[in-house]
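Morning, everyone. Please have a look while it loads.

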Amino acid sequence: MANSAKGSRNITIPVGRIGGYAPNLVVLNGTGFGQTFAVESFDPTTRTYTLAQPLAATLGPDSYIQVLAYQARNIFVAN
């Protein structure tokens with residue numbers, strides 16, 4: 001992933017990969033595994049995601065990301 005250094009808010013996906021906007025980005029495996037971010041925007045011309053917070057660790061060529069809708073579980077106690 002280009003432009004994906006620790007402290008950066010941008011992730012550029014490689015040429016030939018398909019991207020699109022969704023509100024969340026997750027690092028599924030490889031360097032930086034487990035990081036999750038809110039996505040502020042996606043530029044289809046440059047294939048670049050802009051994140052709400054900076055990366056905690058640099059992503060490497062072995063990193064896989066997924067951009068998806070928010071998924072969570074809710075627990076209501078004493079409702």
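Val 39 stands opposite Leu 51 in S4. This is a predicted model: local features need pLDDT of at least 70, side-chain atom pairs count only at pLDDT 80 or more, and totals for chains, interfaces and linings use all residues. Residues are numbered from 1 along each chain as its sequence is written, and side-chain values use heavy atoms, with hydrogens and water left out.

Back to that pairing. S3 and S4 run antiparallel, joined by four bridges. Two strands count as paired if DSSP finds at least two bridges between them. Strands are DSSP runs of E, at least two residues, and helices are runs of H or I, at least four, numbered from the N terminus. S3 and S4 make a hairpin, with four residues between them. In that turn, Arg 47 has a positive phi of about 60°.

What is the order of the five strands? It reads S1-S4-S3-S2-S5, an open sheet with antiparallel pairing. The edge strands are S1 (10-12) and S5 (64-68), and each pairs on one side only. From one strand to the next, the twist averages 40°. For that angle, axes are lines fitted to C-alpha atoms, for helices over the stretch in contact, and angles run from 0 to 180 degrees between N-to-C directions.

Next, the other pairings. S1 and S4 are antiparallel over three bridges, and Thr 12 has Thr 48 as its bridge partner in S4. Strand S2 (residues 24-29) joins strand S3 (residues 36-43) through three bridges, also antiparallel. There, Leu 25 has Phe 37 as its bridge partner in S3.

Stay on strand S2 for Asn 24. Is Asn 24 buried or exposed? Its relative accessibility is 17%, so Asn 24 counts as buried. The cut-offs: buried is under 20% relative accessible area, exposed is over 50%, and partly exposed lies in between, with a 1.4 Å probe and protein chains only. Leaving out residues up to four places away in sequence, Asn 24 touches Phe 37, Val 39, Gln 66 and Tyr 70, among others. A contact here means heavy atoms within 4.5 Å.

On to strand S4 (residues 48-51). Thr 48 and Thr 50 point one way, Tyr 49 and Leu 51 the other, and all are buried. Tyr 49 also forms a tilted aromatic pair with Phe 42: 4.4 Å centre to centre, 40° between the planes. The rule takes rings of Phe, Tyr and Trp (its six-membered ring) with centres within 6.5 Å; planes under 30 degrees apart are stacked, over 60 edge-to-face, the rest tilted. By that rule the count is one aromatic pair. Both Phe 42 and Tyr 49 are buried.

Both also belong to the largest nonpolar core, twelve residues in all, including Leu 25, Val 39, Leu 51 and Ile 65. Such a core is a set of buried Ala, Val, Leu, Ile, Met, Phe, Trp, Tyr and Cys residues joined through side-chain atoms within 4.5 Å. S2, S3 and S4 are the elements giving two or more residues to this core. S3 gives the largest share, three residues. Ile 13 is another member. Among the contacts of Ile 13 are Met 1, Ile 18, Arg 47 and Tyr 49.

Last stop: Gly 16, in the loop between S1 and S2. Gly 16 counts as exposed because its relative accessibility is 68%. Gly 16 and Arg 47 are 31 residues apart in sequence, and 9.9 Å apart in space, C-alpha to C-alpha.
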